[in-house]
Amino acid sequence: MRILHTADWHFGRTLEGRSRLAEQEAFVDELALLVKDQQIDLVLLAGDVYDSVNPPAAAEQLFYDALARLSDQGQRPVYVIAGNHDHPDRLAAADPLAHKLGVTLVGLPEARVHTVDIRRTGETAVLFALPYPSESRLRELLSEGADEALLRAVYSERVRHIVAEQAKHYRADTVNLLMSHLYVLGGQETESERPIQVGGAYTVDTSALEAGAQYVALGHLHRPQFLKSETTIRYSGSPLAYSFSEAGQAKSVTVLDLKPGAAPQLEEIFLSSGRPLVEWKAKGGLAEVHRWLDEDKDANAWIDLEVHLQETMSMEQLHRLRLARDGFIHIRPVYPDLEASLQEAVSATKLPMDELFRRFYERQTGGAQPEPELIRLFLELLHTEEDDPAV
């Protein structure tokens, strides 16, 4: 059978107030074509369907449209679990209706496995679908039949127990799968995930997931990656880049061929939908930025711009950049000479930094007073430099 693994759609998410809905719609279009062209038999969506527990109506509408298209109106089974961003009850509320289309929505952790019959191959998959298991949800799941020692055990051990119990349903003549949404030790994070581990307390060891599944489909981390394990454990990653910490990452979905008793054959299929996130460092000043704009550099990208300047940037110059390209998210002016002069002044006086800046600005501009916003921006940049251990 052919299985597609995806996760972390985060429908409803914005980028500094910019809507990503058009990009998410393009992703759904691309994914719907992909499952058809790749003859996918089963789709696994490993959590974080939405970006918040109360998603906008347009995000919910897009999700339901995606389910109908991926399931091909009931011809292809689709399984979805809640992630830490999703409201489990809200996600699962539509399960009775979705089930008529061959879609299963699992909101809360539950002690059961799903048997999935694949029409095309005549094979059967056994899937344990474990939505994001928060501390309270773990205790509820273990409250019956678990001794007090297990209830007090560390998070990873409780997850291990749950997985091992459900893995007893795996059979030699079935394709055996585990899907969950959690942070597993060794995974590489980005800034766009909402942390679910607190000082390592919610971290799961890979060994907790090694219970006989041929493939472990994970959600939560946005970078596509395998984890070191005897079992094939993989994060599919998010379909779009959701922060500049993901700049340069190639986004993808995972497609695998599986048959009972065999190791999975995997293929990473890269996605073309979604605007890339890029970082520009213009040490040549505004002239360099305008040259890049004239060259149509990164024409479809969201841009984080750092521009080095000798003189303060005017509001008019800032507006010109915004009008020239709608993709500018951040525009950060850097004043190397100004910062060096102020650092020298700091060593010779005990005046506050904002007062030193005002005096410097007056000298540079012939008596003009800096705007409060400019002072705030400069202090933020200065504190960023001080806090950066690489500086």
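Analyst: Start with burial. Buried means under 20% relative accessible area, exposed over 50%, and partly exposed in between (1.4 Å probe, protein chains only). This is a predicted model: local features need pLDDT of at least 70, side-chain atom pairs count only at pLDDT 80 or more, and totals for chains, interfaces and linings use all residues. Residues are numbered from 1 along each chain as its sequence is written, and side-chain values use heavy atoms, leaving out hydrogens and water.

User: Is Ser273 buried or exposed?

Analyst: Ser273 has a relative accessible area of 14%, so it is buried. It sits in the loop between strand 16 (265-270) and strand 17 (277-282). Strands are DSSP E runs of at least two residues, helices H or I runs of at least four, both numbered from the N terminus.

User: Which side chain makes a polar contact with the side chain of Ser273?

Analyst: A polar contact is a pair of N or O atoms within 3.5 Å; within protein, one must be able to donate a hydrogen and the other to accept it, and residues adjacent in sequence count only if both atoms are side-chain atoms. Here the partner is the side chain of Glu30, at 2.6 Å.

User: How are helix 8 and helix 9 oriented to each other?

Analyst: Axes are lines fitted to C-alpha atoms, for helices over the stretch in contact; angles run from 0 to 180 degrees between N-to-C directions. Under 35 degrees counts as roughly parallel, over 145 as roughly antiparallel, 65 to 115 as roughly perpendicular, the rest as oblique. Helix 8 (residues 285-294) and helix 9 (residues 315-324) pack at about 15°, axes 11 Å apart. They are therefore roughly parallel.

User: What about helix 5 and helix 7?

Analyst: Helix 5 (residues 135-142) and helix 7 (residues 155-167) pack at about 45°, with axes 11 Å apart. They are therefore oblique.
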